[in-house]
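Subject: Structure for your files, with notes

Hello,

Here is the structure I said I would pass on. Please open it alongside this message, as the notes refer to residues by number.

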Amino acid sequence: MSAVSPKKENPVLVPTGPTYNGSLPSSSGFRPFITGHPVIHSIYSHDMGVNNQDTAGVESEPLLGSAPDYGTSSGEPLDRHNTRHGELFDNVPKEKRRLGTLSAGFLIFNRVIGTGIYATPSNILRSAGSVGVALVMWLVGSLIAALGTAVYIELGTGLPRSGGEKNYLEFIYRRPKFLMTCVFTVYAMITGTSTANSVVFSEYLLHAAGLPPTWLNTRLVAFCCLSFLCFIHGTTWKWGLRIQNTLGMFKLVVLTLVVGSGLLSLLGIPGFQLRDGYEKPNNYQWDKLWEGSGTGANAFVAGLYAVIWSFTGYSNANYALSEIKDPVRTIKRAAPIAMFGVSAVYMLINVAYFAVVSKTDILSSRRIIAALYFRNLYGPTTERALSAFIALSTLGNLLAGQFAQGRVIQELGREGILPFASFFASNKPFDAPLPGLLLQFTISTIFLFAVPPGDAYLFLISLSSNCSTLINVFVGVGLLLLHTKAYQTAWNWNPPFRSPKLVVVLFFIANMFLIVVPLMPPASGSRTYEKLPYWSHSVAAFAVSLVGLTYWYIWGTWLPKRKGYRLERVYALQEDGVSRWVFRKTFTAGQSPSI
């Protein structure tokens, strides 16, 4: 096969030669994928902008065989002795790196703090039985979130490329080739939907505006929200980032003021006393602090489960590392700062809630605890203002989530395995991952209008949560493998930041806890669904992987064997200078494209 002069966005085929030795100019940081499959091979050519004759060989091997080289991610993992800051790891032009520490921090802060902190404390108190145990639960949740943050900092500094778990799972689980990518793709489609939070945003906004939250009103406002997310991040990314950061700062300031007013009320400062007519709390008297403890194992587990879920989102900046300046240093700073801020806000706002609202009022009222707090301190007329703030908090959460999710879909497109891969890998026409955002917009919109309220809607929300947890379990197991001497040597794993093995073990246990709890029968008198079995979403989360497995088998094995071709993986540069992989069909002797 003759060599073709490389052009941007056009893959380069090169002649078959000796086995590739993995060497590249140190300025590239790119290590190509050379290992293969009975019908999948890899060819590499790199456009250095000077010499268009760089060539490499083709190496084939069994699908289930072992391979010393890994190249699905754009390079060997960084190590602690490497002086590079991570920008050279992925083949992305420097001008594409536009996010600093502030933006990376708010990607995490906005993603973690959505609506839960305004309502969840009431449910936690019911499960805990006492204010003291509830505060302990929140403290435990903070510690578990710190474990997850450390795990993802290690993975992010070792493989500083956008895509998050996609890169980590591909790097760790290399056999069968491409299987993990196909499975993760299906999970990413489910976990990336914004349907549930868009509905929450809609309901609070309608309440703030004094409009009835009918099914039609709620869906129309939610649809407008989804459309706004896709438009702002897909066409004017700078404004999307500015709005996202502004909402994050606004959220932090307002929550700080809420905490401050609650603490001033606890100290008895004039001007911050409770309004007349409301029960004065005594939650911090020692005998009252622990009163009601011992609600039973089921209740305690349910409460801790809800607390842990309130902290999810600490990995959000990992999905956009290819767009972060100096990604290794930035993620080592931004992630701990953001999660420390989240944990401090969560702990202190619970202290403030219990300083202003009595335990009896919290447990007997059907209103969210934040509404009771504002009513007691500022009067019932502030309820609409609170709804507006919660709506803006939810919008910040949605912006951060979709900013990251668009990059995940784009990275899957760069691997060449996703259908219409070149479309999803592209930044055209607005220098933003609009195709990936359009995909998530379409899926979220279908769920929004096609799924009726009730069991089906709750099932989809729970399914998304369980899929995320399953991914974390595989990440935890994989990182434990990387901490063994065998994997450290074979996989060359010695990243700039290392989390202690105990931290990884506890992270794995925490996520196994989240897997096991939904499989336990609910407490007497409570039901997860009206008609569906309580374990439906848990089993479905495991079954989702079969969709990815089926696609992998048909695309990579069955069709090539049936039609007599093999897939060759070719490295290409897009017009924006970002690299991606392309699969080409090469038909064997006696076969033709028409077969």
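This is a predicted model: local features need pLDDT of at least 70, side-chain atom pairs count only at pLDDT 80 or more; totals for chains, interfaces and linings use all residues.

Helix packing

Helix 7 (residues 215-235) and helix 8 have axes that come within 5 Å and cross at roughly 120°. The two are therefore oblique to each other, since angles of 65 to 115 degrees would count as roughly perpendicular and those over 145 as roughly antiparallel. On the helix 7 side, the contact is made by Phe 228, Ile 232, His 233 and Thr 235. Helix 8 contributes Trp 237, Trp 239, Gly 240, Leu 241, Ile 243 and Gln 244. By class, six residues of this contact are nonpolar and four are polar, with no charged residue.

Helix 8 (residues 237-266) also packs on helix 14 (residues 383-414), at an angle of about 140° and with the axes 9 Å apart. That makes this pair oblique as well. The crossing of helix 8 and helix 14 is left-handed. From helix 8 the contact takes in Leu 241, Ile 243, Gln 244, Leu 247, Phe 250, Lys 251, Val 254 and Leu 255. From helix 14 it takes in Phe 389, Leu 392, Ser 393, Leu 395, Gly 396, Asn 397, Leu 399, Ala 400 and Phe 403. This contact has 12 nonpolar, four polar and one charged residues. Leu 241, Ile 243 and Gln 244 of helix 8 take part in the contact with helix 7 and also in the contact with helix 14.

Helix 4 makes the contact through Glu 165, Leu 169, Phe 171 and Ile 172. Helix 17 makes it through Ile 471, Asn 472, Phe 474, Val 475, Gly 478, Leu 479, Leu 481 and Leu 482. Nine residues of the contact are nonpolar, two are polar and one is charged.

Backbone features

What joins Arg 175 and Pro 176? The link is a cis peptide bond, with omega about -5°. Pro 176 sits in the loop between helix 4 and helix 5 (179-191). Phe 178 is found in the loop between helix 4 and helix 5 too, and it has a positive phi of about 75° although it is not a glycine.

Another cis peptide bond joins Lys 428 and Pro 429, with omega about -5°. Pro 429 lies in the loop between helix 15 (421-425) and helix 16 (434-450).

Cavities

How many cavities of 30 Å³ or more does the structure hold? There are five. The largest cavity contains about 130 Å³ of space. Its lining consists of Val 92, Lys 96, Arg 98, Ser 162, Ser 322, Glu 323, Arg 407, Gln 410, Glu 411, Arg 414, Asn 427 and Val 578. Sorted by class, that lining has two nonpolar, four polar and six charged residues.

Regards

Technical notes: Residues are numbered from 1 along each chain as its sequence is written. Side-chain values use heavy atoms; hydrogens and water are left out. Contact means heavy atoms within 4.5 Å. Helices (H or I, at least four residues) and strands (E, at least two) are DSSP runs, numbered from the N terminus. Ala, Val, Leu, Ile, Met, Phe, Trp, Tyr, Cys and Pro count as nonpolar, Asp, Glu, Lys and Arg as charged, and the others, Gly among them, as polar. On a 1 Å grid over the protein atoms alone, a cavity is a set of points where a 1.4 Å probe fits but cannot get out, and a pocket is an open set with protein on both sides within 12 Å along at least five of seven lines; lining residues have an atom within 4 Å of a point. Grid points are joined across faces, edges and corners, and a volume is the space filled by probe spheres set on the points. Axes are lines fitted to C-alpha atoms, for helices over the stretch in contact, and angles run from 0 to 180 degrees between N-to-C directions. Angles under 35 degrees count as roughly parallel, over 145 as roughly antiparallel, 65 to 115 as roughly perpendicular and the rest as oblique. A crossing is left-handed if the near helix is turned anticlockwise from the far one by less than a right angle, and right-handed if clockwise.
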